[in-house]
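Subject: Structure for your review

Dear colleague,

I am handing over the structure we spoke about, and my notes on it follow below. Please read them with the model open beside you.

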Amino acid sequence: MFSHSRVVLTCLLLFLSFALVSCTGPRQQLTRPTMESPTWPADGDGEAPRIRYISSFTLPEDLQIKQGVVSRIWDYILGSPARGLVAPHGVTVDTNGTIYVVDTALQTVQIYNRRKNTFSMAPDDDHLFETPINAVTDGKTGHLYVTDSTAGLVRTFALPEAGAVGEFGKGELERPTGIAFNKTTNELLVLDTKQAAVLRYNRNNLALTGRFGSRGTDYGQFNHPTTLVVNNNGEILVNDALNFRIQIFSPTGEFLRAFGKAGDSPGYFSRPKGIAVDSDNNIYVVDTLFDNVQIFDANGALLLSFGQSGQAAGEFWMPTGIFIDQNDRIYVADTYNKRVQIFQYLKQSGRK
């Protein structure tokens, strides 16, 4: 026989399930373009499109990740955690297509697993980040690494559940921001904005193995660097933001070349933020004040830019982070529009 309290709880849950279904009504869908997905260059301009808009998301439901009825009931009883983006900053995607978005306002990483149709957050308890900035996943170790700038360390989570397992860099890092793996040297690279340096950690035991960079304007020096990425050749690209340039280093940190200067026209930088590379080693730089993404070849020649100020598909409002996955899908953290936009790099025929 059921106990009286259990019967009451069951009835309460059933009542709430009907109440939620009847009261919530249809959810307002994320705005989608009514025309054909925009491309850059635009279709009809006489040039083959190189970038195509795919979609955008703010909520798990925008990626067809739906919340179950029981989960909704418990959220209703216990207080619903935030399921939408508020201030997305960094974004990364693992080899399984799971998307990780660092939200600085919510002090969490939101995890969208489209293969399992699940949504979760890290940390999964009350021990939030202080100021999370960027993240990277390592398929070899099965870990997620997140820079916590104000705390001066990198926090580590075990995947796929994203349970907290540790941290590193305390006492070595002051204001970590960018983070990336270099498979060529088997290292985890952490960019420290305050120290104006890149710190190199052994990928296996996370021991500090070296560093390069200092504050200044000479080649090999930085002024408020924000992000970094590693290209297919193992070269390290650093967004040297307040020197308004991108610097490129060898896998072990020797300066190779640089490009960029301050300006208000294409090919120049105003407030460069995120940086990424595609499978052809083209370099993508998000400019927060231009509200666009500029694309350069491996030597720094401007190829194309896409985006402008606004809220429609392919428009941005102070974007920050960018990531390009193994399939040349481009993910841009459109911060003030509270969303991540997804684009596709369209490779030229015959290129590998």
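**Sheet E3 to E6**

Four strands make up an open sheet in the order E3-E4-E5-E6, with antiparallel pairing. Strands here are DSSP runs of E with at least two residues, helices are runs of H or I with at least four residues, and both are numbered from the N terminus; two strands pair if DSSP finds at least two bridges between them. Strand E3 (88–93) and strand E6 (118–122) stand at the edges, and each has a single partner strand, so one side of each is left without a neighbour in the sheet. From one strand to the next the twist averages 20°, where axes are lines fitted to C-alpha atoms (for helices over the stretch in contact) and angles run from 0 to 180 degrees between N-to-C directions. E3 and E4 run antiparallel and are joined by five bridges, and Val-91 has Val-101 in E4 as its bridge partner.

Before going further, please note that this is a predicted model, in which local features need pLDDT of at least 70 and side-chain atom pairs count only at pLDDT 80 or more, while totals for chains, interfaces and linings use all residues. Residues are numbered from 1 along each chain as its sequence is written, and side-chain values use heavy atoms, with hydrogens and water left out.

**The hairpin of E9 and E10**

Strand E9 (residues 153–158) and strand E10 (residues 163–168) run antiparallel and are joined by five bridges, with Phe-168 in E10 as the bridge partner of Val-154. The two strands form a hairpin with four residues between them, and Ala-162 in the turn has a positive phi of about 60°.

**Aromatic rings**

The structure holds 20 aromatic pairs, a pair being two rings of Phe, Tyr or Trp (its six-membered ring) with centres within 6.5 Å, called stacked if the planes are under 30 degrees apart, edge-to-face if over 60 and tilted otherwise. One of them is the edge-to-face pair of Tyr-145 and Phe-168, at 6.3 Å centre to centre and with 80° between the planes. This pair links distant parts of the chain, since Tyr-145 is in strand E8 (residues 143–148) and Phe-168 is in strand E10, 23 residues apart. Tyr-145 counts as buried at 2% relative accessibility, and Phe-168 counts as buried at 8%; buried means under 20% relative accessible area, exposed over 50% and partly exposed in between, with a 1.4 Å probe and protein chains only.

The rings of Phe-212 and Phe-249 have their centres 4.9 Å apart and their planes at 45°, so this pair is tilted. It too links distant parts of the chain, with Phe-212 in strand E14 (residues 208–212) and Phe-249 in strand E17 (residues 245–249), 37 residues apart. Both partners count as buried, Phe-212 at 8% relative accessibility and Phe-249 at 1%.

One aromatic cluster is formed by Trp-40, Tyr-53, Phe-306, Phe-316 and Phe-343. The peptide bond from Trp-40 to Pro-41 is cis, with omega near -10°, and Pro-41 has its place in the loop between strand E1 (39–40) and E2.

**Other loop residues**

Most residues other than glycine have a negative phi, and most peptide bonds are trans. Gln-107, in the loop between strand E4 (99–103) and strand E5 (108–113), has a positive phi near 60° and counts as partly exposed at 26% relative accessibility. Phe-244, in the loop between strand E16 (236–240) and E17, has a positive phi of about 55° although it is not a glycine, and counts as partly exposed at 23% relative accessibility.

Asp-62, in the loop between strand E2 (51–57) and helix H2 (69–78), counts as buried at 8% relative accessibility. A polar atom of the Asp-62 side chain lies 2.8 Å from the backbone nitrogen of Leu-59.

Notes:
A polar contact is a pair of N or O atoms within 3.5 Å; within protein, one must be able to donate a hydrogen and the other to accept it, and residues adjacent in sequence count only if both atoms are side-chain atoms.
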